[in-house]
Amino acid sequence: MAGVTDRPFRQLCRKMGAGLVVSEMLSSNPRVWKTAKSMHRMDHSGEKGIRSVQIAGADPELMAQAARFNVENGAQIIDINMGCPAKKVNKKLAGSALLQYPELVESIVQAVVNAVDVPVTLKIRTGWNTENRNGTDIARIAEQNGIQSLAVHGRTRACMYRGNAEYDTIKAIKQAVSIPVIANGDITSPEKARDVLEYTGADGVMVGRGAQGNPWIFKQIQHFLETSENLPPPSLSEQHRVMHEHVVNVHNFYGGIMGVRIARKHVGWYLAEHDRENQFRRTFNGLEQADAQLDALDNYFQSLHDRNERQVSPAA
Ligand SMILES: Cc1cc2nc3c(=O)[nH]c(=O)nc-3n(C[C@H](O)[C@H](O)[C@H](O)COP(=O)(O)O)c2cc1C
């Protein structure tokens, strides 16, 4: 996820039980590869587990070049983005705009699969609008041209992120192809993961926004699928520990100025439940120094801890 699944967050998600994590999408346009943004996106140093790198673009030859470049840079899976509905991306016919052009989909898939000797996977939406849910046709093209696994977000391009994800098309896609199909969209709890797996017959689930501020979701899902029981929610001290470490890693990865900005976003997600009136977040977002952010977080959790203690033993 662009702007979300950077190296610190991917490392955290893996540690918390995600089976596979995918990089933020990288443009296939070589002119942008040297920008600070792309350099950060391409940074996988020290990352454990399989490195899956997502590329986006519409020109088969540029996509093939981008795939080769990323494999030389350590990618062990190349994932093609045909799911992004952003105007900036779709204007260039990349992302989910490609679903309208099955022949171009085929050319891109062929070019990328032939360019590299690592597995190539594909991410799509169910179609380009609700009248044209052609995900099944795209899935067949993908399978026939060497795609090894297909992730399907249960919305069309026109739906953007509105409404609820729809799983009938994912079910139909799963029945139409024999490569692994990963169901995606609105999976925010272990129960939802089970229901979607059962309903669609998919081989796995992909979690996006449900992991923002909640990297515990991966272990929670895994445990529930294995035992039909829910893990207890993470304790306050566990939440504090994970957030503190995550923020330190963000600071180290991006440096003081950018790191402080990016940490605000993640802390906002983590605290959405705790801090319903946004009081702490307003203060936190005003802080400009990395150390000040960490101190504020530590003090915030200390105050939550003290409040809980008082509630447990009011007489004291
Ligand atoms: C901020 C944001 C950035 C995203 N960036 C990407 C991306 O780079 N590549 C991609 O395949 N999907 C991207 N997505 C889509 C998600 O991967 C996912 O398909 C979608 O959010 C639905 O799943 P969810 O309900 O679990 O979030 C992005 C979504 C969001 C909200």
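Student: Is arginine 140 buried, exposed or partly exposed?
Tutor: In this predicted model, arginine 140 counts as partly exposed, at 37% relative accessibility.

Student: What does its side chain meet in a salt bridge?
Tutor: The partner of arginine 140 is aspartate 137, at 4.0 Å from N to O. Aspartate 137 is partly exposed too, with a relative accessible area of 42%.

Student: Where do arginine 140 and aspartate 137 sit relative to each other?
Tutor: Both are in helix α6 (residues 135-144). They are separated by about one helical turn, because they are three residues apart in that helix.

Student: How many salt bridges does the count come to?
Tutor: The count comes to 14 salt bridges. One of them joins arginine 7 to aspartate 43, with the closest N and O atoms 3.0 Å apart.

Student: Which parts of the chain does the pair of arginine 7 and aspartate 43 link?
Tutor: Distant ones, 36 residues apart. Arginine 7 belongs to helix α1 (residues 7-15), and aspartate 43 to the loop between α2 (36-41) and β2. Arginine 7 is buried at a relative accessible area of 17%, while aspartate 43 is partly exposed at 23%.

Student: And aspartate 186, what does that form a salt bridge with?
Tutor: With arginine 155, where the closest N and O atoms are 2.9 Å apart. Aspartate 186 is in the loop between β6 (181-184) and α8 (190-200) and arginine 155 is in strand β5 (residues 149-156), so the pair ties together parts 31 residues apart in sequence. Arginine 155 is buried, with a relative accessible area of 3%.

Student: Which residues do salt bridges with shared partners join into one network?
Tutor: Lys15, Glu238, Arg241 and Glu245. Within that topic, the side chains of glutamate 245 and lysine 15 meet at 2.7 Å, N to O.

Student: Switching to domains. How is the chain divided?
Tutor: Into domain 1 (7-227) and domain 2 (236-308). Their C-alpha centres lie 30 Å apart. The contact takes twelve residues from domain 1 and 13 residues from domain 2.

Student: How much area do domain 1 and domain 2 bury between them?
Tutor: About 1,200 Å², with 71% of it on carbon and sulfur atoms. On the domain 1 side, Pro8, His40 and Trp216 supply 45% of the area buried against domain 2, more than any other three residues.

Student: What is the salt bridge count between domain 1 and domain 2?
Tutor: The count there is one salt bridge.

Student: OK, strands now. Is β2 mostly covered or mostly uncovered?
Tutor: Strand β2 (residues 52-56) is mostly covered, with five of its five residues buried. That holds for both faces: Ser52, Gln54 and Ala56 are buried on one side, and Val53 and Ile55 on the other.

Student: In what sense do β1 and β2 pair?
Tutor: Strand β1 (residues 26-27) pairs with β2 in the parallel sense, over two bridges. Serine 27 stands opposite alanine 56 in β2.

Student: And how many bridges join β2 to β3?
Tutor: Four bridges join β2 to strand β3 (residues 77-82), and these strands run parallel. Isoleucine 55 has isoleucine 80 in β3 as its bridge partner. Between β2 and β3 the chain crosses through helix α3 (residues 60-72), and this β-α-β crossover is right-handed.

Student: Why does 16% put glutamine 220 in the buried class?
Tutor: Because buried means under 20% relative accessible area, and glutamine 220 has 16%. Leaving aside neighbours within four places in sequence, glutamine 220 is in contact with Pro190, Asn214, Leu231 and Pro234.

Student: Then phenylalanine 280: which helix is its place?
Tutor: Helix α12 (residues 279-285). Phenylalanine 280 is buried, at a relative accessible area of 10%.

Student: What is phenylalanine 280 in contact with, leaving aside its neighbours within four places in sequence?
Tutor: The contacts are Val267, Leu271, Asp275, Ala296, Leu297 and Tyr300.

Student: And how many Å apart are phenylalanine 280 and cysteine 159 in space?
Tutor: They are 34 Å apart, C-alpha to C-alpha, and 121 residues apart in sequence.

Definitions and conventions
Residues numbered from 1 in each chain as written. Predicted model: local features only at pLDDT ≥ 70, side-chain atom pairs only at ≥ 80, totals over all residues. Heavy atoms only, no water. Buried < 20%, exposed > 50% of the residue type's maximum accessible area, 1.4 Å probe, protein only. Pairing = 2+ DSSP bridges. Right-handed = clockwise from strand over helix to strand, strands pointing away. Domains from an automatic or database assignment. Contact = heavy atoms within 4.5 Å. Buried area = accessible area lost by both parts, 1.4 Å probe.
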